[in-house]
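Morning, everyone. Please have the sequence and the model open while I talk.

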Amino acid sequence: MHDQLSDVAAIEAMPVFAGTSLEEVGVNEFRHGKVRDVFQNADQLIFVSTDRVSVGDKVIGEIPGKGVVNNLLSAWWFEQMKDIIPNHMIATPDSNVMIGKKLNRLPVEVVVRGFMTGVTDTAIWPMYANGKRSMYGIEFREGYQKNDQLDGPVITPTTKEDVGHDEPLTEKDILEGNVHGITPEQWHAVQEAALEIFARAQEIAKMHGFMLVDTKMEFATDEEGNIYLIDELLTPDCSRYWDADTYEELHSRGEEPKNYDKEYLRIERKKLRDHSLWEEGAPIPHDLQMETAGRYITLYEGLTGETFQYLTKSPEERIATNVQRWIEAQAQDEIEKMPWGVIIVMGSLSDKEHVEKITATLEVLGIPYRRRVGSVHKTLDHLVGILGKYKLSQRQLVFITVAGGLDALSGAVDGFLPFPVISAPPEGQSDTIYAANLRTPEGIAPAYVIRAQNAALAAAKILGLVKPEVRERVRRYQESMQRRVIDAD
């Protein structure tokens, strides 16, 4: 039996992490989930695991340390399973953060069950106890009692909803094409991988004194159709774990197994509500909060063999710093991969539409480019960090800046870097930017081009001085424009 964590003081000292913004490091929120916030950086997603806890599709409060446990345990399990199927994980730059590939999520949540248990509407025990024997298209035999082991693992799929409750599915629904976005071939591959992962995870859990009861998994595809394991994996939020040493004794007495997952919170919540000791909307009682946190941490330490780190630094500050370091390291890698081209720096993601017009022309001209986001006024340290990666570079680069207002960005970039800088203001702000450019200090000389496409062409002509192939592409581009005028005549 696992010793229950008793260091309540250490748990209490951890700041509760309800969520954060990463706007200061140049990325905006991609999706706000019940317990995780997802941000996008180029073709990567930044998953931030919070301490928020949901029951019955509602966030009811926070459990200290929960986000760290879920994030690091997912990373640990991804490593254990990567030979079975590739996964989306790229890195974990922070205890609460996972960087993952941006993929096309399959619209089915795969729930693998090994026991007749559960208390939620989609769990099999409540339906079985009410007389149902056919569930999720599967026929269950008579004679099961609550928390009995099934004759073999089964998959009970559900829809995957961004908002609201997931709905039960059957394999027939999927194979007959009633679930848009997944083919029969993909479903068979997903089934095979899910069962193999579950079997291995049960073996690993048993070696460490736990029983893996059930879990849910999510899958996605890349542009070539390859299937990946995504989201979180085998955490106490998405799985049930019981204490292996005491299961038989407690089960024989008709008692609930000792669990190390969110089911503990669900069961205790129901007890307190039944006795009116926990009112709707009230905070999680302190003792229940501490006990749940202790069980999550005990599971993490028991499975991984790692000592849980009781972090006391502000999560928001720590996460922003570590994500910024990751992005800057990625930018340095990009410099090494791109020996010449255009770097577009925009003041905010609101300039994205204008920037896409610039990149469209760069692509026509065959010029490599990178996009970055940094503000002189809002994220100066971050901007300096971006530019610092390029300052001593020997690459052949042209910078295009896109910012409104007084366009402090163009002057700052031009004054900081020894590369040509072209100011390409967003549409509708050209007069303001023109006036600002007339007043730039001595030694600050960004060029000023109104149209987005023309900014790209100006950059191409500059690069053409050292790249004959670019000069030739510009020549052909100009000839095509001339032909259009002649054809129009």
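I'll go through the pockets, then some salt bridges, then one glycine. Keep in mind that this is a predicted model.

The largest pocket holds about 1,400 Å³ of space. Its lining has 50 residues, and the closest to the centre are K34, S54, K216, K262 and R266. Which elements give two or more residues to that lining? They are β1 (29-32), β2 (36-41), β4 (52-55), β9 (108-116), β14 (210-221), β16 (239-243) and α7 (262-274). Helix α7 gives the most, with seven residues. By residue type, the lining has 28 charged, 11 polar and 11 nonpolar residues.

Now the second largest pocket. About 770 Å³ of space lies there. Here 27 residues form the lining, with Q40, N41, A42, D43 and R371 closest to the centre. Strands β1, β2 and β18 each give two or more residues, and so do helices α9 (315-337) and α11 (380-391). The most come from α9, with six residues. This lining divides into 11 nonpolar, nine charged and seven polar residues.

On to salt bridges. There are 24 in the whole structure. Take R36 and D231: their side chains meet at 2.5 Å, N to O. R36 sits in strand β2, while D231 is in the loop between β15 (227-230) and β16, so the pair links parts of the chain 195 residues apart. Are these two buried or exposed? Both R36 and D231 are buried.

Next, E142 and R133. Their salt bridge is 3.2 Å, N to O. E142 counts as exposed because its relative accessibility is 54%. R133 is at 21%, so it counts as partly exposed.

D151 pairs with R141, with the closest N and O atoms 2.9 Å apart. D151 is in strand β12 (residues 148-155), and R141 is in the loop between β11 (138-139) and β12. D151 is exposed, at 63% relative accessible area. R141 is partly exposed, at 39% relative accessibility. There is also a network: salt bridges with shared partners join D214, R240, E263 and R266.

Last, the glycine. Where is G366? G366 is in the loop between α10 (352-364) and β18 (369-373). Its relative accessibility is 36%, so G366 counts as partly exposed. Beyond its neighbours within four places in sequence, G366 contacts W340 and R473. G305 is 61 residues from G366 in sequence, and their C-alpha atoms are 51 Å apart.

That's the tour. Thanks.

Key: Residues are numbered from 1 along each chain as its sequence is written. This is a predicted model: local features need pLDDT of at least 70, side-chain atom pairs count only at pLDDT 80 or more; totals for chains, interfaces and linings use all residues. Side-chain values use heavy atoms; hydrogens and water are left out. Helices (H or I, at least four residues) and strands (E, at least two) are DSSP runs, numbered from the N terminus. Buried means under 20% relative accessible area, exposed over 50%, partly exposed in between (1.4 Å probe, protein chains only). Contact means heavy atoms within 4.5 Å. On a 1 Å grid over the protein atoms alone, a cavity is a set of points where a 1.4 Å probe fits but cannot get out, and a pocket is an open set with protein on both sides within 12 Å along at least five of seven lines; lining residues have an atom within 4 Å of a point. Grid points are joined across faces, edges and corners, and a volume is the space filled by probe spheres set on the points. Ala, Val, Leu, Ile, Met, Phe, Trp, Tyr, Cys and Pro count as nonpolar, Asp, Glu, Lys and Arg as charged, and the others, Gly among them, as polar. A salt bridge is a side-chain nitrogen of Lys or Arg within 4 Å of a carboxyl oxygen of Asp or Glu.
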